[in-house]
Amino acid sequence: MSEGECTARAEVEALTTPAPVAPAKPAKAPAWLFDLVLLGALWGASFLFMRIGAAEFGAIPTAGVRVMIAMLVLLPVMALRGQSGDFARHWKATLAIGVTNSGLPFVLFAFALLTINSGLAAVLNATVPMFGALIAWAWFRERPDNSRLAGLVIGFVGVALLAGHSAGFKAGSGGVSPIWAVLACLGACLSYGVSANATRRYLTGVPAFATAAGSQVGASLALALPTWWYWPAQMPSMQAWMALLAVGVACTGLAYVLFFRLIANAGPQRALTVTFIVPVFAVFYGALFLGEEITSWMLMCAVVIVCGVALSTGLVKLGRKKQPVPVP
């Protein structure tokens, strides 16, 4: 899994987890809010680190090294939590889903970041819950209500506006058109959406760390040979190595611990709101460390996309009736 797929998984859990009859004792707000902000900061940084790494490693080796590092981090965590047996019982589905929820999306985002900036990629990544809802509609025949349908339309209009304006960007390394980079990001988000629904279909009830660690094993196996084949002729710099180490350890391994703790303490609906925080940090990091330009058009489209995501995921509903005030 990755940051985008995790938010999609949070949406699936929010939709499939029945509401409790009596609300549980709420966690202390400062505790889960701190986890939420820290998680957004880590996942926002993943775009920065991938862009630095991809510039020297290339797209496929960047993704391959990332999932291998994440695998080495998460496998011991899975073992310590006693979930190795769960992975062994569901290894086929877990390994297969690992290709679509980590291997393929990481390659596509690394490819895109050779051309577009990290902030734009993060804004596009915010569409993951929308793709998840759209695929759930096609796969499970779960027709969204009017509010969610409006959110899907608004969100994809924002993406279209952002993608259309990106045609004015300069081509990246190798002369790749930015339109292909935007399409690669959307392809990664689509893959996340497929993975979230496949996880719901085939891995419901499997402990989260067994799925997370197992998916990194599947992605590592799938990318091992391509990573070796496309390994750069010139050894990447220490900066590039440190970037991939950071994205593997902090933005994947540590982030998973925070993500699952956040779901446990605050619930999947609140955990899903990290989708709105990630682009803020990604844009900030890109401007601060890479000198990336933040345009007013990009910010406007980001607002449109976030509104679409909020509606399509059910976090905000149109025409919600006011609850009557009880008379004492």
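**Figure 1. Asp 86 in helix α4 of the predicted model.** Asp 86 belongs to helix α4, which covers residues 84–89 in this predicted model. With a relative accessible area of 17%, Asp 86 falls under the 20% limit and is therefore buried. The side chain of Asp 86 meets that of Arg 89 in a salt bridge, with 2.8 Å from N to O. Both residues lie in helix α4, 3 residues apart, or about one turn of the helix. Leaving aside residues up to four places away in sequence, Asp 86 touches Pro 207 and Ala 210. The C-alpha atoms of Asp 86 and Phe 209 are separated by 9.5 Å, although the two residues are 123 residues apart along the chain.

**Figure 2. The salt bridge between Arg 261 and Asp 35**. Opposite charges on side chains can pair when the charged atoms come close. A total of 4 salt bridges is counted in the model. In the one shown here, the closest N and O atoms of Arg 261 and Asp 35 are 2.8 Å apart. Arg 261 is located in helix α11 and Asp 35 in helix α2 (residues 29–57), so the pair ties together parts that are 226 residues apart in sequence. Arg 261 is partly exposed, with a relative accessible area of 41%, whereas Asp 35 is buried, at 4%.

**Figure 3. The salt bridge between Arg 51 and Glu 292**. The closest N and O atoms of this pair are 2.3 Å apart. Arg 51 sits in helix α2, while Glu 292 is in the loop between α13 (274–289) and α14 (296–312); the pair thus links distant parts of the chain, 241 residues apart. Arg 51 is partly exposed, at 25% relative accessible area. Glu 292 has a relative accessible area of 10% and is buried.

**Figure 4. The aromatic pair of Phe 131 and Phe 156**. The whole structure contains 13 aromatic pairs. The pair of Phe 131 and Phe 156 is edge-to-face, with 5.2 Å from centre to centre and 80° between the planes. Phe 131 is part of helix α7 (residues 128–140) and Phe 156 of helix α8 (residues 146–165), so the pair ties together parts that are 25 residues apart in sequence. Phe 131 counts as buried, at 10% relative accessibility, and Phe 156 is partly exposed, at 26%.

**Figure 5. The tilted pair of Trp 228 and Trp 229**. The ring centres of Trp 228 and Trp 229 are 6.1 Å apart and the planes stand at 55°, so the pair is tilted. Both residues are exposed: Trp 228 has 60% relative accessibility and Trp 229 has 61%. Elsewhere in the chain, ring pairs join Phe 281, Phe 284, Tyr 285 and Phe 289 into a cluster.

**Figure 6. The largest nonpolar core**. This core has 87 residues, of which Leu 39, Phe 47, Phe 109, Leu 124 and Leu 162 touch the most other members. Helix α11 (residues 238–266) contributes the largest share, 13 residues. Leu 124 touches Val 159, Leu 162, Val 182, Cys 185, Leu 186 and Cys 189, with residues up to four places away in sequence not counted.

**Figure 7. A nonpolar patch on the surface**. The patch is formed by Trp 231, Met 235, Met 238, Trp 241, Met 242, Leu 245 and Val 249, which together have about 680 Å² of accessible area. One of these residues, Trp 241, is placed in helix α11. Trp 241 counts as partly exposed, at 31% relative accessibility.

**Figure 8. Asn 146 and the setting of the chain.** Asn 146 is in helix α8 and counts as exposed, at 61% relative accessibility. The chain has 14 helices and 0 strands. Of its 328 residues, 53% are buried. Among contacts with a separation of 6 or more, 89% come from residues 24 or more positions apart. The chain exposes about 15,000 Å², with 70% supplied by carbon and sulfur atoms.

Methods. Residues are numbered from 1 along each chain as its sequence is written. Side-chain values use heavy atoms; hydrogens and water are left out. A nonpolar core is a set of buried Ala, Val, Leu, Ile, Met, Phe, Trp, Tyr and Cys residues joined through side-chain atoms within 4.5 Å. Buried means under 20% relative accessible area, exposed over 50%, partly exposed in between (1.4 Å probe, protein chains only). Helices (H or I, at least four residues) and strands (E, at least two) are DSSP runs, numbered from the N terminus. Contact means heavy atoms within 4.5 Å. Patches are made of residues with over 30% relative accessible area and no salt bridge: like charges are joined within 9 Å, nonpolar side chains (Val, Leu, Ile, Met, Phe, Trp, Tyr) within 5 Å. Accessible areas come from the Shrake-Rupley method with a 1.4 Å probe; for residues, only the protein chains shown count as cover. Rings of Phe, Tyr and Trp (its six-membered ring) pair if their centres lie within 6.5 Å; planes under 30 degrees apart count as stacked, over 60 as edge-to-face and the rest as tilted.
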